[in-house]
Amino acid sequence: MSLSALPKLELHLHLEGAAPPAFIRDLAAEKHVDLSGIFAEGGAYSYTDFWHFLKVYEAATSVLTTPEDYARLTRAVLAESAAHGVVYSETFLSPDFCGGRDPAAWAEYLAAIREAAEAAERDDGITLRGIVTCIRHFGPDKAKETAVAAAETAGDWLVGFGMAGDERAGEPADFAWAFDCAREAGLRLTTHAGEWRGAEHVRASLDALRPERVGHGVRAIEDPALVDRLAEDGIVLEVCPGSNVTLGVYPSWQAHPIDRLRESGVPVTVSTDDPPFFHTTMSREYEMLNRNFGWDEEAFKELNRITLDAAFCTPETKTRIAKTLEPS
Ligand code: HPA
Ligand code: ZN
């Protein structure tokens, strides 16, 4: 079985975090910005832990200053995803980085990203949809501005709203206004939780923000009653095992709970998070799931069904994507 050739769907991908290091290095050179501090000798991104990663991420993002830069980034990222068999992807976008939360500027960035995605759909056969994320450590006031910008651009392409950033900053209830605003605009909801804080924080996030999906959520495994709740309510986890192992949330693939969560009836999906930062690709995630947990072609087909069901795109788009998953 060639795992890289299997069609794949991905729901949890940070657009800037998917930027190939060479792309950011070249853009920095074009703009005469010295970013040498964020790269290791071999050219990869360099950071010490998750919190330093967030700083390096923001430094890398600082050279993306125009809608055109984001259009080029979108093409580069989608070409890479398509090369690993990804046919549908949802990506996190942040008005904080795209025009400083100004709604008019954000609309221009979004239009450029969307146009690039449409070109990639024609050329690379991959469909992209967007999810706006507020950034938790920027605080609740900025999250409100972000939600307003997201609400104004909600539609068939910008389909969701979520929260990324430092999970240890603030409490979920601090962000309830932003999530309510996004929900009222028709956006579907997801939030990062259960990566750097435990099961209690996943529970608090569900109660305060009422998301349909949780980014990571894996530490729910620490509380069997919460695992039951996720399974019963069909709360989907956007699991990024390679990210978790690289960042040390778990010491090894064998110790990762994705297979136990799946066995418990929790709808789990698989994504790369920030692939070049975490030295992964969707092919590698599949390879490691096969090697460590014996997931086979049938398991990956089931994964595709769960993932497509959990996608935030319209039913028409789902029907079209489902056709690409059928053997021809
Ligand atoms: N986790 C949380 N916040 C982020 C990430 C991530 O992997 N990437 C960019 N912002
Ligand atoms: Zn993430």
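Q: In this predicted model, a residue is near a molecule if one of its heavy atoms lies within 4 Å of it. Which residues surround ligand 1?
A: The model is predicted. The cut-off for being near is a heavy atom within 4 Å. The residues around ligand 1 are His14, Phe50, Phe53, Leu54, Tyr57, Ala164, Gly165, His192, Asp273 and Asp274.

Q: How do the residues of this shell divide into nonpolar, polar and charged?
A: Phe50 and Leu54 are among the residues around ligand 1, and both count as nonpolar. Asp273 and Asp274 are also there, and Asp counts as charged. The shell divides into 5 nonpolar, 3 polar and 2 charged.

Q: Which helix gives the largest share of the shell around ligand 1?
A: The largest share is 4 residues. They come from residues 50-61, which form helix 2.

Q: Which residue has a polar side-chain atom 2.7 Å from an oxygen atom of ligand 1?
A: Gly165 uses a backbone N or O atom, 2.8 Å from a nitrogen atom of the ligand. Asp273 has a side-chain N or O atom 3.0 Å from a ligand oxygen. The 2.7 Å distance to a ligand oxygen belongs to Asp274.

Q: What percentage of the accessible area of ligand 1 does the protein cover?
A: On its own, ligand 1 has 260 Å² of accessible area. The space it takes is the largest cavity.

Q: Which residue forms a salt bridge with Arg75?
A: The salt bridges number 20. In the one with Arg75, the closest N and O atoms are 3.0 Å apart. Arg75 lies in helix 3, and its partner lies in helix 4, 48 residues apart. That partner is Asp123.

Methods. Residues numbered from 1 in each chain as written. Chains lettered and ligands numbered in written order. Predicted model: local features only at pLDDT ≥ 70, side-chain atom pairs only at ≥ 80, totals over all residues. Heavy atoms only, no water. Polar contact = N/O pair within 3.5 Å; in protein donor to acceptor, adjacent residues only side chain to side chain. Areas by Shrake-Rupley, 256 points an atom, 1.4 Å probe, with all protein chains shown as cover. 1 Å grid on protein atoms, 1.4 Å probe; cavity = no way out; pocket = protein on both sides within 12 Å on 5 of 7 lines; lining within 4 Å. Sits in = over half its atoms within 2 Å of the grid points. Helix = DSSP H or I, 4+ residues; strand = E, 2+ residues; numbered from the N terminus. Salt bridge = Lys/Arg side-chain N within 4 Å of Asp/Glu carboxyl O.
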